Structure formats: C-alpha cells, structure tokens
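Student: I would like to learn how to read salt bridges and accessibility in a structure. Where should I start?

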Amino acid sequence: MGRIRIVWSSIWNFLGKHFITVGCHKNLDTALYAIDSLKQLATKFLAKDELANYHFQKDFLKPFESIIQFNPSVAVRDMIISCVYNMIHARADNIKSGWKSIFGVLTAAASDNNEKIVRPAFNIVVDIRTKLFELIADSFFVEFVNCLVAFGKNQAYKDISLGAINSLVFCAGQLANGNVCRLKEGGVEQGSFVGQTDSSFSAEDQHIKYWFPILTGFAEVVSHPHIDVRTIALERLFDVFKDYGSMLDGPLWNLVFRGVILPIFVGVRIGINDRPKDESDVWIQTTCMHATQSLVGLVSHFFDKISFLLDEVLALLTSFVLQDAENLAEIGCTCLLLLVMKDGGRFTSYMWDIICITIEHILEHTKPAEVFLPPPRTSRRTRRASSMTPKEEVLGAGVGELPLSATHSEDESIAAENGEGGDEAWAQRLGRVPDSDVDGEGGYGEGIAGGESKRDPLEQMRLKLQRVTPPRVNHFSSITAVKARASVHLSLLQAVGDIYAEHGSVMSLANIRDLVQVVLSSWQFANSANNNMALRTTLSPTGIMSKIIKIEIGSMSCCVRLLFKLYTEEDPQKQALGASLLLPTIKSVIEEFVNTALSLTTGYTQAKASLVIQILEALYLLPNNQFEENLRAIYHYLIAMMASDNKDLRAVLQVLFVRVGTMHNLAEVTWTPPPPAINVADTTTPQQQQQPQQQQQSQQQQQSVAQPRQQ
C-alpha cells in the first residue's frame with residue numbers, strides 16, 4: 001500500500017476486474033474470500049486522504065457495486081452490505097469520490113426482495129442522512145437522492161418506501177434552505193413569463209441538476225403499485241411544490257411542468273403506459289382524481305406565478321375528457337369545472353377566451369354523433385384505422401405537443417368543416433411542419449405571457465386541443481363508448497350553467513355568445529336525433545336514446561337559464577344579447593311541443609313538457625314589461641296548451657293567465673305572486689326536480705287562483 005496512487009490506479013485496472021470475476025464465482029466460499037480480501041484492501045486504501053480532482057476511491061470501490069449487481073447469492077450480497085457499513089463508520093471522514101460507488105451499492109440493494117438485504121441497506125442510508133449529510137451534500141447529493149428513489153420504488157416493503165419518501169422531503173428542504181447549493185442572489189430579470197418575482201432558483205443547469213432528481217423521483221414513486229405508497233408520494237410531491245414553489249421562477253416552473261407533472265399522467269392521457277392495463281385502470285380509479293385535483297390546486301395556489309401554464313393544463317384535462325373511459329372523462333370534467341370555479345375571478349380576457357375554446361371543443365367532440373353513422377364494417381381500411389396507435393415518446397413534451405399519429409386517420413373533412421386547424425394544422429399532423437414552427441420557441445403560454453409568436457395564440461390553443469383529441473371514426477363505435485360520451489357531454493352542459501352563474505359578470509359578451517351557441521348546437525343535434533323515428537326505433541333498446549333525450553332537455557334547460565339571466569342583467573349590452581336570442585329560442589321549443597308532443601304521453605314528451613314548464617316559470621318571474629313583450633309572441637301557443645293532460649303544465653298556465661288578467665284589469669282579483677317554482681340561476685335540470693316538490697308547487701298555484709274565485 002506504500003505505492004503512490006497513480007501506480008495503484010494502473011494496477012487496479014487489472015486487479016479490479018479480477019476481484020469482480022472471483023466475487024461472482026459460483027463457489028460461495030471463493031466469492032466470500034474475494035470480498036473479504038477486497039474489504040481489507042479498501043479499508044487500508046481509505047485510511048489515506050484522496051487528493052483533489054482525483055477519483056481513485058470510486059474506482060477502488062467499484063468491484064463492490066459490480067458484484068452486488070451480478071451475484072444473486074444472498075450471502076454474498078449481505079456481506080457486501082456489511083462491508084459498506086463498516087467502511088462508512090470507520091472511514092467516513094476520508095471518503096470522497098468513494099461515495100459514488102457506495103451509493104451504487106445501496107441503490108442495487110434497494111431493488112432486492114430479500115429483507116436481509118433491503119433493510120440493512122436502507123438503515124445505512126438513514127444513518128447517512130441523519131449523521132453524515134454534510135459530507136455528501138456538496139458533491140454527491142444527486143447520487144443520494146437517486147438511491148432514495150430506488151428505495152421508494154421497492155415493491156416488497158411498504159414501510160421502507162414510505163421512509164424513503166420522507167427522506168426525499170428532507171432533501172428538498174435542505175436544497176431549499178441553501179445547504180446543498182448556493183441560492184441565486186437577488187431577483188430575476190423580467191422575462192416573458194407573467195407573475196415573475198424574485199426567486200431563489202432559476203432554469204440554470206445547476207438548479208435543474210439538483211431539483212429534478214427529487215421531483216422526478218416523487219413522480220416515479222407515484223406509479224407505485226401499493227396505494228398507500230403512491231398516495232403519500234403524490235401528497236408529498238405537491239406539498240414540496242406548495243412549500244418551495246415560490247422559490248422557483250417562471251422558466252423553471254415551465255420545465256417542472258413538462259418534465260415532472262406531465263409524466264405522472266402520460267399513461268392515461270394517450271392510452272399507453274409501462275403498466276399492465278389492469279394496473280393502469282386501478283391507478284385511474286384510486287389515484288388519478290387525487291393527482292388531477294392536486295394539480296388544479298397547485299395552479300390556484302401559485303396562480304400569479306404559473307398562470308402562463310393554463311393552456312397546457314386545459315389541454316391535459318381535455319385529453320382526459322375525450323377518453324373512452326367514462327371514469328377518466330368524469331375526472332377531467334370535474335377538475336375542469338373546479339379550475340374555472342376557483343380561479344375564474346382572476347382570469348384575464350385571453351384566459352376566458354381559451355376556456356371557452358376548450359369548452360366548445362369538448363362539447364363538439366363528446367356529441368354521440370356516431371348514432372347517425374353506419375355500423376362498423378370489417379374492411380381492410382377499417383381494420384388499419386382501428387389498429388393505429390401512438391408510437392412516439394412523449395416524456396418531457398408539452399400536452400399540446402403530444403404526437404398522435406392516428407389522431408385524424410379517416411374523417412379529415414370533419415375538422416375542416418368545423419373550421420379547426422386548416423391546411424397548416426393538417427400539415428403539422430402529417431409531420432410536414434416542425435413543432436417549433438407551430439408553437440414558437442418554448443411553445444408554452446406565449447399568448448398569456450406576451451411573448452412573440454408566429455401564430456395567433458387562440459389558434460395555438462386550438463392546435464393543442466386538436467393534438468390531444470382521439471381519432472374520429474367513420475362508423476358506429478361500441479354502445480358503451482357512445483353512452484359514456486353522452487354522459488360526459490351532459491355533465492359538461494351542467495358545468496356551463498354553473499360557470500356562467502358564478503362568473504358570468506366577468507365574461508365578455510363574445511364569450512357568452514359563444515357558449516350559448518355551442519349549447520344550442522348540442523340541443524339541435526339531440527333534437528334531430530330524437531325526431532328521427534327510425535333511429536329511435538333502432539337504438540331505443542340499447543339505452544342510447546334515453547341519454548340523447550337527456551342531452552336535448554339538459555342543453556335547452558342550460559340555454560334557458562343562460563338567456564333568462566342575460567335578459568335580466570343590468571348591463572344593457574348583455575340584456576340586448578339576451579333579448580335577441582331568448583324569444584326565438586323559447587318560441588321554437590314551445591312551437592315544437594304544441595305541434596308534435598301536446599297530445600302524447602311518452603317519456604320523451606313528458607320530458608319536453610317539463611322543459612316547457614321551466615320556460616313558462618322563468619317567463620313568469622320577468623318584470624311586467626318584459627313579461628308582456630315575450631308573452632305576446634307565444635300567447636296563442638299557451639291557449640293551445642290548455643288542452644294538455646299534464647296537470648303541472650295547466651297549473652302554470654293558470655297562473656300566467658291570472659297575471660295577464662290582472663295586468664289588463666280583465667278580472668276583479670288581487671294578484672299576489674306565489675313563490676317562484678324555480679330560480680333561473682338554478683343549475684338543476686327539469687329531470688332533477690323531484691315529483692313531490694312539483695305537486696306541492698302545483699297545489700300552491702291552484703290555491704292562488706281558487707281564493708279569488710271564492711271571493
């Protein structure tokens with residue numbers, strides 16, 4: 001051992017390979033003897049300090065790492081762990097580059113399923129964290145974090161995984177406190193990101209080098225098969241974001257979103273994953289909602305700092321909503337509503353524009369339009385289209401940049417007819433335009449952040465949504481998929497009403513008009529399907545038509561609430577918009593009911609009757625001048641509806657006629673407005689009104705008319 005280190009380095013190039021060969025020998029005694037000899041040499045070698053800028057220790061200890069990786073013997077692996085433990089406790093102060101090989105040994109042990117190997121190795125890691133952290137913080141922090149991540153991913157021992165997660169939280173705190181690397185001095189220069197403030201960490205290589213192993217490690221453990229482990233990992237990840245997110249600047253947040261948060265959802269948003277399908281389904285059922293709600297909460301918590309990522313979050317939620325899996329679609333719809341309801345008051349005009357574009361896109365693509373298409377055929381072209389799947393790697397890409405090679409395989413004319421994309425969009429899908437030319441450099445939130453762009457920001461948003469939209473088919477898909485899509489469509493219609501009721505005062509006139517038009521489009525589609533008798537006869541046994549009936553009634557119910565609220569707004573522009581749309585809409589509904597459904601008693605006509613009742617009750621609540629103005633155009637239909645067998649409808653008509661008589665002094669009665677049957681801002685559909693409540697309202701209305709007659 002008296003030779004100089006440079007000589008030992010040359011000798012060890014040969015001796016190290018020999019020790020690895022003997023240490024992996026099939027004869028256990030031979031392997032153990034080699035490891036014992038290696039331990040004695042290493043202990044003597046570590047007695048000397050390592051010179052600066054040399055890495056002899058790492059090379060000297062490398063055989064331990066190789067042997068534990070390739071020798072399956074439990075006795076051999078256990079002896080290596082014992083050797084590492086002894087070297088650390090005897091020579092910790094002298095270990096320099098040797099830490100790299102030591103963490104390599106511990107990382108290899110973390111993937112073992114034998115408790116005799118995993119638990120002692122993890123105890124060594126805990127000792128390093130609690131007693132020797134300052135020795136490894138400067139140069140081997142990343143190796144230490146990677147070792148913890150390996151223990152966190154161990155599937156055999158839940159308590160070890162949870163302990164590793166807590167250690168990762170400790171590492172994040174040490175990094176944020178400046179105990180690992182020097183924090184950035186002063187603030188950051190004003191860039192293209194909105195809400196940028198003084199931050200301790202930026203997108204420079206040094207900060208990315210330390211933060212990403214921790215954050216991506218949490219993200220990897222979130223896919224752990226044990227629900228307790230992945231739940232704790234998810235919670236701790238977003239706790240770290242909330243505790244230290246204010247120290248990250250905008251560009252670093254951008255990288256974190258693409259490199260850490262999006263990979264958590266990569267399997268569910270495009271339908272491919274490392275996990276088996278059944279395991280992926282379990283993750284969706286148990287963890288996906290929690291993860292998505294945490295993301296929405298994070299956006300709300302740091303809204304001023306990371307609002308430039310709103311378009312990417314919307315694209316991610318859209319990819320959920322447009323999946324065939326109904327539970328995943330409901331998660332996307334619920335979290336989209338949660339995001340808008342929580343932060344709608346802070347949205348800029350551009351943000352509301354992309355919110356409305358997203359809602360329009362989802363409603364358009366969740367219409368069960370396949371009901372008008374022929375059943376699937378087993379032609380060569382159909383089989384080829386159904387077998388197309390995404391093949392490109394997407395880790396690290398933005399949601400709007402997901403490469404879906406099968407996204408628009410056969411029905412390319414649909415998007416063109418809807419004005420979505422155009423020639424440039426199709427060129428992009430076919431690979432003729434590089435992504436950088438579509439989204440500009442960076443491609444994230446430039447419309448919000450104010451950076452220069454080669455394309456209109458709203459057009460960029462439409463392209464993002466197009467790229468996460470599954471392919472349309474030119475035949476009738478499965479009954480389950482069509483019914484699931486109809487349920488999601490109905491949920492989103494309900495959400496539109498909730499959004500307007502909460503934030504209608506801050507939405508622009510153009511946004512409101514667009515929402516009304518897209519809701520009316522849903523009604524027109526459903527109404528057309530329901531009036532097709534051949535279609536109803538064919539599909540009624542499947543239960544699809546009952547969903548479409550709910551879409552027709554729900555969409556018009558939502559539209560009625562929006563228009564009546566607009567019509568009574570104090571803003572003259574909104575009131576004028578409501579006036580221009582309200583009368584034609586309610587007149588068409590009432591006219592159709594009188595002409596086609598008045599004398600029928602089917603479930604469909606009863607649903608239509610409930611919709612007409614909602615319209616008349618909302619009309620009843622208008623001031624006298626607005627009431628009379630609208631009543632004049634539909635009065636003859638009201639007279640015709642008196643012949644209806646529906647008692648609730650006749651009761652509402654009775655009250656309306658009493659009000660008309662009182663207003664024009666046609667009857668010697670004192671008209672007292674009864675309690676309103678509904679609130680036009682209410683978000684429930686007519687089908688959700690309970691029958692006992694309707695009967696009680698009918699009795700109250702009849703009493704209000706009967707009392708003046710008795711006098």
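Student: Is R236 buried, exposed or partly exposed?

Tutor: Buried means under 20% relative accessible area, exposed over 50%, and partly exposed in between (1.4 Å probe, protein chains only). R236 has a relative accessible area of 25%, so this residue is partly exposed. Keep in mind that this is a predicted model, where local features need pLDDT of at least 70, side-chain atom pairs count only at pLDDT 80 or more, and totals for chains, interfaces and linings use all residues. Residues are numbered from 1 along each chain as its sequence is written, and side-chain values use heavy atoms, with hydrogens and water left out.

Student: Which residue forms a salt bridge with R236?

Tutor: A salt bridge is a side-chain nitrogen of Lys or Arg within 4 Å of a carboxyl oxygen of Asp or Glu. R236 pairs with E235, with 3.9 Å between the closest N and O atoms. E235 is partly exposed because its relative accessibility is 30%.

Student: How many salt bridges does the whole structure have?

Tutor: The search finds 19. One of them joins K39 and D36, at 3.7 Å from N to O. Both residues lie in helix 2 (residues 28–46), 3 residues apart, about one turn of the helix. Helices are DSSP runs (H or I, at least four residues), numbered from the N terminus.

Student: Are E592 and K608 buried or exposed?

Tutor: Both are buried. They form a salt bridge whose closest N and O atoms are 3.5 Å apart. E592 is in helix 29 (residues 572–597) and K608 in helix 30 (residues 603–620), so the pair ties together parts 16 residues apart in sequence.

Technical notes. Helices (H or I, at least four residues) and strands (E, at least two) are DSSP runs, numbered from the N terminus.
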